[in-house]
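Please look over the sequence and the 3D structure below before reading on. The notes that follow are grouped by topic.

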Amino acid sequence: MSVLRNLEAKLGSLVEGAFGRAFKTSVQPVELAHKLAKEMEDNQMVSVSRVYVPNHYRVFLSPQDREQFSSYEPALRKELSDYLLEHARQESLALTSRPQIEFHTDDRLDFGEFGIQAQLLAPPEEEHVAAAEPAAPSAGDFGHTMVYSPDRAVRTLDSVPDRRQALLVGDGRRNVLSGQRVVVGRSRECDVVLSDPNVSRRHAELRRGENGWHVVDLGSTNGVKVNGRRVEQMALRRGDRVTIGLTDLTFELD
């Protein structure tokens with residue numbers, strides 16, 4: 001039996017064994033694995049020598065399905081990650097890190113439906129990366145939520161606009177983010193001015209997209225870090241620590 005078949009059997013056992021006797025749901029782990037692999041292949045990014053695929057996935061479930069998965073969610077996340085890791089290896093697809101799986105609840109989904117968003121975090125800086133398909137997400141940004149249903153054709157799920165006010169908190173100030181783009185740097189012409197000498201004149205930009213805010217390095221000397229990890233661009237979540245130069249700023253939503 002191949003490694004992938006072994007992983008599929010393990011995924012199936014999550015609902016066929018003790019968990020399955022206690023929890024019945026029409027969303028099956030094996031089907032999640034297959035569709036995650038499909039999204040991996042559909043969102044490729046081509047470099048000079050490799051084909052990179054997303055390493056971060058959000059899975060959206062109806063409230064009923066999410067509740068029934070809750071008791072074994074950590075085990076399921078690991079098995080799905082193992083499955084994607086092996087799938088990428090067998091298909092000669094490159095990953096920048098081990099695949100990470102997140103589960104979220106979406107009230108717009110019916111029982112038995114699930115949605116998937118795919119994201120490529122931190123592509124290698126030394127390689128030129130170009131999107132293989134027009135629909136592929138840009139590095140650090142999530143693509144559309146693709147919804148799979150047992151009785152309907154695959155479809156996209158429209159994003160719900162986030163009406164909360166976004167802020168960058170730190171350096172003794174609370175900077176409200178307004179508009180679609182906010183430039184951070186040492187220049188007085190920037191929207192958020194930092195006095196840190198390690199900050200470039202135009203260091204980074206925060207951009208509002210349909211799925212929220214993300215930070216983009218504008219070719220700075222010392223780079224941008226999110227939660228201690230250097231990034232070229234990355235989607236931001238509430239509580240993320242954004243380091244620009246030597247200045248730590250916290251991304252908040254009110």
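**Strands, cores and helices**

Gly185 stands opposite Val193 of strand E12. This is a predicted model, in which local features need pLDDT of at least 70 and side-chain atom pairs count only at pLDDT 80 or more, while totals for chains, interfaces and linings use all residues. Residues are numbered from 1 along each chain as its sequence is written, and side-chain values use heavy atoms, with hydrogens and water left out.

**Whole protein**

- The protein has five helices and 19 strands; helices (H or I, at least four residues) and strands (E, at least two) are DSSP runs, numbered from the N terminus.
- Of the 254 residues, 48% are buried, where buried means under 20% relative accessible area with a 1.4 Å probe, counting protein chains only.
- Among contacts (heavy atoms within 4.5 Å) with a separation of 6 or more, 62% join residues 24 or more positions apart.

**The open sheet**

- Five strands form an open sheet with mixed pairing, in the order E12-E11-E13-E14-E17; two strands pair if DSSP finds at least two bridges between them.
- Strands E12 (192-193) and E17 (233-235) are at the edges with a single partner strand each, so one side of each has no neighbour in the sheet.
- E11 (residues 181-185) pairs with E12 in the parallel sense, over two bridges.

**Nonpolar cores**

- A nonpolar core is a set of buried Ala, Val, Leu, Ile, Met, Phe, Trp, Tyr and Cys residues joined through side-chain atoms within 4.5 Å.
- The largest core has 24 residues, and Leu32, Leu36, Tyr57, Leu80, Ile101 and Phe103 touch the most other members.
- At least two residues of this core come from each of helix H3 (29-42), strand E3 (56-61), helix H5 (73-90), strand E4 (100-105) and strand E5 (114-119).
- Another core, of 23 residues, lies apart from it and includes Leu121, Leu177, Val192 and Val242.
- Leaving out residues up to four places away in sequence, Ile101 touches Leu36, Tyr57, Val59, Arg77, Leu80, Ser81 and Leu84.

- The buried residues of H3 are Pro29, Leu32, Ala33, Leu36, Ala37, Glu39 and Met40.
- They cover an arc of only 160° around the axis, which puts them on the same side of H3; the arc is that of the directions from the helix axis to the C-beta atoms.
- Buried residues in H5 include Leu76, Leu80, Leu84 and Ala88.
- After H5 comes Ser92, with a positive phi near 60°.

How values were computed
Buried means under 20% relative accessible area, exposed over 50%, partly exposed in between (1.4 Å probe, protein chains only).
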